[in-house]
There are 2 protein chains.
Amino acid sequence: MGQLLDLRPGDDAERLGAMQPGQRLARGVVRHLSSSHGFACLEEFSPTRGLRTDVCALGPKGEVWVVECKSSRADFQSDGKWQGYLEWCDRYFWAVDGAFPQELLPDGTGIILADAWDAVIHRPAPEERMAGARRKALTQRFARCAAQRLSYARDPGWSAG
Amino acid sequence: MGQLLDLRPGDDAERLGAMQPGQRLARGVVRHLSSSHGFACLEEFSPTRGLRTDVCALGPKGEVWVVECKSSRADFQSDGKWQGYLEWCDRYFWAVDGAFPQELLPDGTGIILADAWDAVIHRPAPEERMAGARRKALTQRFARCAAQRLSYARDPGWSAG
(Lines give C-alpha, C1' and ligand atoms only; values in the text may rest on other atoms or scores of the structure.)
Protein backbone atom coordinates (compact mmCIF):
# COMPACT_ATOMS: atom_id res chain seq x y z
CA MET A 1 0.00 0.00 0.00
CA GLY A 2 2.82 2.39 0.82
CA GLN A 3 4.38 2.08 -2.59
CA LEU A 4 1.02 2.39 -4.28
CA LEU A 5 0.27 5.64 -2.59
CA ASP A 6 3.70 7.12 -2.77
CA LEU A 7 2.75 10.09 -4.83
CA ARG A 8 5.59 12.33 -3.86
CA PRO A 9 6.91 14.12 -6.87
CA GLY A 10 10.18 13.42 -8.50
CA ASP A 11 11.29 12.93 -12.01
CA ASP A 12 10.45 9.84 -13.91
CA ALA A 13 13.87 8.27 -13.37
CA GLU A 14 13.40 8.59 -9.64
CA ARG A 15 9.99 6.91 -9.76
CA LEU A 16 11.32 4.12 -11.95
CA GLY A 17 14.29 3.54 -9.69
CA ALA A 18 11.97 2.84 -6.79
CA MET A 19 10.04 0.15 -8.69
CA GLN A 20 10.48 -3.59 -8.70
CA PRO A 21 10.83 -5.23 -12.16
CA GLY A 22 7.22 -6.41 -12.08
CA GLN A 23 5.99 -2.94 -11.21
CA ARG A 24 7.79 -1.52 -14.22
CA LEU A 25 5.99 -3.97 -16.47
CA ALA A 26 2.73 -3.03 -14.74
CA ARG A 27 3.31 0.63 -15.49
CA GLY A 28 3.71 -0.08 -19.20
CA VAL A 29 0.60 -2.27 -19.14
CA VAL A 30 -1.47 0.43 -17.45
CA ARG A 31 -0.30 3.01 -19.97
CA HIS A 32 -1.19 0.80 -22.91
CA LEU A 33 -4.55 -0.46 -21.69
CA SER A 34 -5.54 3.08 -20.71
CA SER A 35 -4.48 4.90 -23.82
CA SER A 36 -5.13 2.31 -26.51
CA HIS A 37 -8.06 0.33 -25.12
CA GLY A 38 -9.88 2.82 -22.88
CA PHE A 39 -9.47 0.81 -19.69
CA ALA A 40 -9.23 2.21 -16.17
CA CYS A 41 -6.58 0.29 -14.25
CA LEU A 42 -5.88 -0.45 -10.64
CA GLU A 43 -2.62 -2.02 -9.55
CA GLU A 44 -2.30 -4.52 -6.72
CA PHE A 45 -6.05 -4.81 -6.39
CA SER A 46 -7.48 -7.65 -4.37
CA PRO A 47 -10.66 -9.04 -5.99
CA THR A 48 -11.24 -11.23 -2.97
CA ARG A 49 -9.47 -12.22 0.19
CA GLY A 50 -6.13 -13.92 -0.39
CA LEU A 51 -5.68 -12.80 -4.01
CA ARG A 52 -3.94 -9.69 -5.27
CA THR A 53 -3.77 -8.96 -8.98
CA ASP A 54 -0.88 -7.01 -10.47
CA VAL A 55 -3.19 -5.08 -12.81
CA CYS A 56 -6.98 -5.19 -12.82
CA ALA A 57 -8.47 -3.23 -15.71
CA LEU A 58 -12.08 -2.13 -16.11
CA GLY A 59 -13.15 -1.46 -19.68
CA PRO A 60 -15.64 0.97 -21.19
CA LYS A 61 -18.35 -1.70 -21.26
CA GLY A 62 -17.61 -3.04 -17.80
CA GLU A 63 -15.37 -5.85 -18.97
CA VAL A 64 -12.62 -6.91 -16.57
CA TRP A 65 -9.14 -7.96 -17.56
CA VAL A 66 -6.51 -9.23 -15.15
CA VAL A 67 -2.81 -8.99 -16.00
CA GLU A 68 -0.11 -10.72 -14.01
CA CYS A 69 3.37 -9.32 -14.55
CA LYS A 70 6.27 -11.76 -14.59
CA SER A 71 9.79 -10.42 -14.76
CA SER A 72 11.59 -13.77 -14.99
CA ARG A 73 11.23 -17.52 -15.19
CA ALA A 74 11.67 -17.77 -11.43
CA ASP A 75 9.02 -15.14 -10.86
CA PHE A 76 6.59 -17.13 -13.00
CA GLN A 77 7.43 -20.50 -11.51
CA SER A 78 6.97 -19.31 -7.94
CA ASP A 79 3.40 -18.16 -8.64
CA GLY A 80 1.03 -20.77 -7.28
CA LYS A 81 -2.02 -18.55 -7.31
CA TRP A 82 -2.58 -17.45 -10.87
CA GLN A 83 -5.36 -19.91 -11.67
CA GLY A 84 -7.36 -18.37 -8.86
CA TYR A 85 -7.52 -15.12 -10.84
CA LEU A 86 -9.26 -16.68 -13.82
CA GLU A 87 -12.67 -16.57 -12.22
CA TRP A 88 -12.27 -12.89 -11.36
CA CYS A 89 -11.95 -11.59 -14.88
CA ASP A 90 -13.30 -11.91 -18.41
CA ARG A 91 -9.85 -12.18 -19.96
CA TYR A 92 -6.54 -13.14 -18.39
CA PHE A 93 -3.09 -12.03 -19.57
CA TRP A 94 0.52 -12.35 -18.62
CA ALA A 95 2.78 -9.36 -19.06
CA VAL A 96 6.41 -10.18 -19.76
CA ASP A 97 9.37 -8.51 -21.40
CA GLY A 98 10.96 -9.53 -24.67
CA ALA A 99 13.52 -11.79 -22.98
CA PHE A 100 10.98 -13.90 -21.11
CA PRO A 101 10.70 -17.56 -22.25
CA GLN A 102 7.15 -17.42 -23.59
CA GLU A 103 6.91 -21.19 -24.01
CA LEU A 104 6.36 -21.33 -20.24
CA LEU A 105 3.07 -19.50 -20.49
CA PRO A 106 0.03 -21.78 -20.54
CA ASP A 107 -2.34 -22.04 -23.50
CA GLY A 108 -5.63 -20.28 -23.08
CA THR A 109 -4.07 -17.14 -21.62
CA GLY A 110 -3.10 -13.89 -23.30
CA ILE A 111 0.38 -12.41 -23.54
CA ILE A 112 1.28 -8.73 -23.32
CA LEU A 113 4.83 -7.66 -24.11
CA ALA A 114 5.74 -4.76 -21.87
CA ASP A 115 8.44 -2.52 -20.56
CA ALA A 116 8.16 0.40 -18.17
CA TRP A 117 7.05 2.79 -20.91
CA ASP A 118 4.52 0.94 -22.98
CA ALA A 119 3.14 -2.43 -23.90
CA VAL A 120 1.47 -4.31 -26.74
CA ILE A 121 -0.93 -7.21 -26.81
CA HIS A 122 1.10 -10.04 -28.32
CA ARG A 123 -1.42 -12.89 -27.99
CA PRO A 124 -5.10 -12.19 -27.32
CA ALA A 125 -6.80 -13.88 -24.40
CA PRO A 126 -9.96 -15.91 -24.85
CA GLU A 127 -13.05 -14.50 -23.22
CA GLU A 128 -14.64 -16.33 -20.27
CA ARG A 129 -17.29 -13.94 -19.04
CA MET A 130 -17.98 -13.65 -15.34
CA ALA A 131 -21.52 -14.09 -14.11
CA GLY A 132 -23.46 -10.91 -13.39
CA ALA A 133 -23.44 -11.18 -9.61
CA ARG A 134 -19.68 -11.62 -9.49
CA ARG A 135 -19.11 -8.76 -11.91
CA LYS A 136 -21.32 -6.52 -9.80
CA ALA A 137 -19.46 -7.35 -6.58
CA LEU A 138 -16.08 -6.97 -8.26
CA THR A 139 -16.92 -3.62 -9.86
CA GLN A 140 -18.15 -2.28 -6.55
CA ARG A 141 -15.03 -3.44 -4.74
CA PHE A 142 -12.84 -1.94 -7.47
CA ALA A 143 -14.72 1.36 -7.21
CA ARG A 144 -14.35 1.56 -3.46
CA CYS A 145 -10.68 0.59 -3.51
CA ALA A 146 -9.77 3.18 -6.14
CA ALA A 147 -11.71 5.98 -4.42
CA GLN A 148 -10.24 5.15 -1.02
CA ARG A 149 -6.70 5.19 -2.37
CA LEU A 150 -7.38 8.52 -4.03
CA SER A 151 -8.83 10.04 -0.83
CA TYR A 152 -5.82 8.77 1.08
CA ALA A 153 -3.49 10.38 -1.43
CA ARG A 154 -5.34 13.69 -1.41
CA ASP A 155 -5.65 14.01 2.36
CA PRO A 156 -2.67 12.14 3.78
CA GLY A 157 -2.50 14.01 7.06
CA TRP A 158 -5.87 12.68 8.05
CA SER A 159 -6.06 9.24 6.51
CA ALA A 160 -2.68 8.16 7.74
CA GLY A 161 -3.61 9.01 11.30
CA MET B 1 -9.41 18.31 -12.61
CA GLY B 2 -6.16 20.13 -11.88
CA GLN B 3 -7.08 20.85 -8.30
CA LEU B 4 -8.37 17.34 -7.79
CA LEU B 5 -5.15 15.81 -8.87
CA ASP B 6 -2.84 18.27 -7.25
CA LEU B 7 -1.14 15.80 -4.98
CA ARG B 8 2.03 17.71 -4.45
CA PRO B 9 3.02 17.50 -0.84
CA GLY B 10 2.85 20.31 1.60
CA ASP B 11 1.56 20.71 5.07
CA ASP B 12 -2.09 20.72 5.84
CA ALA B 13 -2.30 24.50 6.11
CA GLU B 14 -0.91 24.80 2.62
CA ARG B 15 -3.46 22.38 1.21
CA LEU B 16 -6.29 24.12 3.01
CA GLY B 17 -5.17 27.51 1.80
CA ALA B 18 -5.53 26.38 -1.79
CA MET B 19 -9.14 25.24 -1.31
CA GLN B 20 -12.37 27.06 -2.01
CA PRO B 21 -14.86 27.22 0.89
CA GLY B 22 -17.00 24.47 -0.65
CA GLN B 23 -13.96 22.24 -1.07
CA ARG B 24 -13.16 22.62 2.61
CA LEU B 25 -16.63 21.41 3.50
CA ALA B 26 -16.18 18.54 1.07
CA ARG B 27 -12.99 17.49 2.79
CA GLY B 28 -14.74 17.26 6.14
CA VAL B 29 -17.60 15.34 4.56
CA VAL B 30 -15.24 12.83 2.95
CA ARG B 31 -13.43 12.33 6.24
CA HIS B 32 -16.64 11.70 8.12
CA LEU B 33 -18.36 9.45 5.60
CA SER B 34 -15.16 7.44 5.18
CA SER B 35 -14.25 6.98 8.81
CA SER B 36 -17.66 6.77 10.45
CA HIS B 37 -19.84 5.23 7.76
CA GLY B 38 -17.41 3.15 5.69
CA PHE B 39 -18.02 5.03 2.43
CA ALA B 40 -15.54 5.50 -0.38
CA CYS B 41 -15.83 9.04 -1.70
CA LEU B 42 -15.08 10.78 -4.95
CA GLU B 43 -15.14 14.57 -5.22
CA GLU B 44 -16.35 16.44 -8.27
CA PHE B 45 -17.62 13.28 -9.89
CA SER B 46 -19.91 13.54 -12.87
CA PRO B 47 -22.63 10.86 -12.77
CA THR B 48 -23.78 11.88 -16.21
CA ARG B 49 -23.10 14.55 -18.76
CA GLY B 50 -23.80 18.06 -17.49
CA LEU B 51 -23.86 17.21 -13.79
CA ARG B 52 -20.97 17.30 -11.35
CA THR B 53 -21.51 16.33 -7.74
CA ASP B 54 -19.41 17.82 -4.95
CA VAL B 55 -19.14 14.48 -3.14
CA CYS B 56 -20.38 11.12 -4.41
CA ALA B 57 -20.03 8.38 -1.80
CA LEU B 58 -20.25 4.62 -2.38
CA GLY B 59 -21.15 2.60 0.68
CA PRO B 60 -20.22 -0.91 1.78
CA LYS B 61 -23.44 -2.32 0.35
CA GLY B 62 -23.26 -0.37 -2.89
CA GLU B 63 -25.50 2.46 -1.72
CA VAL B 64 -24.83 5.87 -3.24
CA TRP B 65 -25.07 9.17 -1.42
CA VAL B 66 -24.62 12.55 -3.04
CA VAL B 67 -23.60 15.56 -0.99
CA GLU B 68 -23.67 19.11 -2.31
CA CYS B 69 -21.56 21.57 -0.33
CA LYS B 70 -22.89 25.09 0.14
CA SER B 71 -20.71 27.68 1.74
CA SER B 72 -23.22 30.54 1.78
CA ARG B 73 -26.76 31.61 0.99
CA ALA B 74 -25.61 32.95 -2.36
CA ASP B 75 -23.85 29.69 -3.15
CA PHE B 76 -27.06 27.80 -2.46
CA GLN B 77 -29.34 30.18 -4.33
CA SER B 78 -27.21 30.13 -7.46
CA ASP B 79 -27.50 26.34 -7.75
CA GLY B 80 -30.06 25.52 -10.39
CA LYS B 81 -29.02 21.93 -10.86
CA TRP B 82 -29.38 20.19 -7.54
CA GLN B 83 -32.68 18.47 -8.30
CA GLY B 84 -30.97 16.74 -11.17
CA TYR B 85 -28.76 14.91 -8.69
CA LEU B 86 -31.66 13.26 -6.89
CA GLU B 87 -32.06 10.52 -9.46
CA TRP B 88 -28.35 9.67 -9.27
CA CYS B 89 -28.26 8.65 -5.63
CA ASP B 90 -30.12 6.74 -2.93
CA ARG B 91 -29.85 9.59 -0.43
CA TYR B 92 -29.20 13.29 -0.99
CA PHE B 93 -27.57 15.66 1.49
CA TRP B 94 -26.48 19.23 1.76
CA ALA B 95 -23.27 20.01 3.59
CA VAL B 96 -23.16 23.43 5.25
CA ASP B 97 -21.32 25.04 8.11
CA GLY B 98 -22.85 26.12 11.39
CA ALA B 99 -23.54 29.66 10.20
CA PHE B 100 -25.57 28.63 7.16
CA PRO B 101 -29.31 29.51 7.25
CA GLN B 102 -30.68 25.98 7.32
CA GLU B 103 -34.27 27.11 6.76
CA LEU B 104 -33.31 27.55 3.11
CA LEU B 105 -32.74 23.82 2.68
CA PRO B 106 -35.69 21.97 1.19
CA ASP B 107 -37.61 19.28 3.03
CA GLY B 108 -36.88 15.75 1.96
CA THR B 109 -33.12 16.28 1.86
CA GLY B 110 -30.50 15.52 4.49
CA ILE B 111 -28.19 18.01 6.18
CA ILE B 112 -24.56 17.47 7.12
CA LEU B 113 -22.81 20.03 9.28
CA ALA B 114 -19.20 20.27 8.20
CA ASP B 115 -15.96 22.13 8.42
CA ALA B 116 -12.62 21.30 6.81
CA TRP B 117 -11.73 18.78 9.49
CA ASP B 118 -14.82 16.74 10.13
CA ALA B 119 -18.57 16.59 9.75
CA VAL B 120 -21.69 15.16 11.34
CA ILE B 121 -25.04 14.10 9.93
CA HIS B 122 -27.45 16.64 11.35
CA ARG B 123 -30.64 15.57 9.56
CA PRO B 124 -30.90 12.16 7.88
CA ALA B 125 -31.95 11.96 4.26
CA PRO B 126 -34.84 9.80 3.15
CA GLU B 127 -33.96 6.87 0.96
CA GLU B 128 -35.10 6.81 -2.67
CA ARG B 129 -33.35 3.81 -4.13
CA MET B 130 -32.07 3.92 -7.67
CA ALA B 131 -33.11 1.22 -10.08
CA GLY B 132 -30.61 -1.57 -10.64
CA ALA B 133 -29.59 -0.61 -14.16
CA ARG B 134 -28.82 2.95 -13.13
CA ARG B 135 -26.87 1.83 -10.07
CA LYS B 136 -24.83 -0.52 -12.23
CA ALA B 137 -23.96 2.19 -14.74
CA LEU B 138 -23.17 4.69 -12.00
CA THR B 139 -20.95 2.30 -10.04
CA GLN B 140 -19.02 1.43 -13.17
CA ARG B 141 -18.53 5.08 -14.06
CA PHE B 142 -17.44 5.85 -10.49
CA ALA B 143 -14.95 2.96 -10.59
CA ARG B 144 -13.43 4.08 -13.87
CA CYS B 145 -13.21 7.72 -12.83
CA ALA B 146 -11.49 6.93 -9.52
CA ALA B 147 -9.00 4.53 -11.09
CA GLN B 148 -8.19 6.93 -13.92
CA ARG B 149 -7.54 9.78 -11.50
CA LEU B 150 -5.30 7.52 -9.44
CA SER B 151 -3.33 6.39 -12.50
CA TYR B 152 -2.93 9.99 -13.53
CA ALA B 153 -1.61 10.89 -10.09
CA ARG B 154 0.80 7.96 -9.96
CA ASP B 155 2.23 8.42 -13.44
CA PRO B 156 1.93 12.13 -14.19
CA GLY B 157 4.75 12.30 -16.70
CA TRP B 158 2.88 10.03 -19.02
CA SER B 159 -0.77 10.86 -18.45
CA ALA B 160 -0.28 14.59 -18.70
CA GLY B 161 1.35 14.24 -22.08
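Reader: Which residues of α2(B) are buried?

Author: They are Gly22(B), Gln23(B), Leu25(B), Ala26(B), Arg27(B), Gly28(B), Val29(B), Val30(B), Arg31(B), His32(B), Leu33(B) and Ser34(B). Buried means under 20% relative accessible area, exposed means over 50%, and partly exposed lies in between (1.4 Å probe, protein chains only). The model is predicted: local features need pLDDT of at least 70, side-chain atom pairs count only at pLDDT 80 or more, and totals for chains, interfaces and linings use all residues. Residues are numbered from 1 along each chain as its sequence is written, chains are lettered from A and ligands numbered from 1 in the order in which they are written, and side-chain values use heavy atoms, leaving out hydrogens and water.

Reader: What makes α2(B) largely enclosed by the rest of the structure?

Author: Count its buried residues. They are 12 of the 17 in α2(B), so the helix is largely enclosed by the rest of the structure.

Reader: Why is Ala26(B) called buried?

Author: Its relative accessibility is 3%, so Ala26(B) counts as buried. Ala26(B) sits in helix α2 of chain B. Setting aside residues up to four places away in sequence, Ala26(B) touches Glu43(B), Val55(B) and Cys69(B). Contact means heavy atoms within 4.5 Å.

Reader: What makes Val67(B) buried?

Author: Its relative accessible area is 0%, so Val67(B) is buried. Val67(B) belongs to strand β3 (residues 64-69) of chain B. Its contacts, not counting residues up to four places away in sequence, include Val29(B), Leu33(B), Phe93(B), Trp94(B) and Ile112(B). Val67(B) and Leu150(B) are 83 residues apart in sequence, and their C-alpha atoms are 22 Å apart in space.

Reader: Is Lys61(A) buried or exposed?

Author: Exposed. Lys61(A) has a relative accessible area of 77%, so it passes the cut-off for that word. Lys61(A) is in the loop between β2 (53-58) and β3 (64-69) of chain A.

Reader: Why is Pro126(A) called partly exposed?

Author: Its relative accessible area is 40%, which means Pro126(A) falls in the class in between. Pro126(A) lies in the loop between β6 (119-123) and α4 of chain A. Pro126(A) touches Asp90(A), Arg91(A), Gly108(A) and Thr109(A), with residues up to four places away in sequence not counted.

Reader: How do you know that Arg135(A) counts as buried?

Author: Arg135(A) has 10% relative accessibility, so it counts as buried. Arg135(A) is found in helix α4 of chain A. Leaving aside neighbours within four places in sequence, its contacts include Gly62(A), Glu63(A), Val64(A) and Asp90(A).

Reader: What is the phi of Glu44(A)?

Author: It is positive, about 55°, although Glu44(A) is not a glycine. Glu44(A) is in strand β1 (residues 40-45) of chain A. At 18% relative accessibility, Glu44(A) counts as buried. In chain B, Glu44(B) has a positive phi of about 50°.

Reader: How is the packing of α4 of chain A and α5 of chain B described?

Author: Two packed helices are described by the angle between their axes and the distance between the axes. Here the angle is about 35° and the axes are 8 Å apart. Axes are lines fitted to C-alpha atoms, for helices over the stretch in contact, and angles run from 0 to 180 degrees between N-to-C directions. The crossing of α4(A) and α5(B) is left-handed: the near helix is turned anticlockwise from the far one by less than a right angle (clockwise would be right-handed).

Conventions: Helix = DSSP H or I, 4+ residues; strand = E, 2+ residues; numbered from the N terminus.
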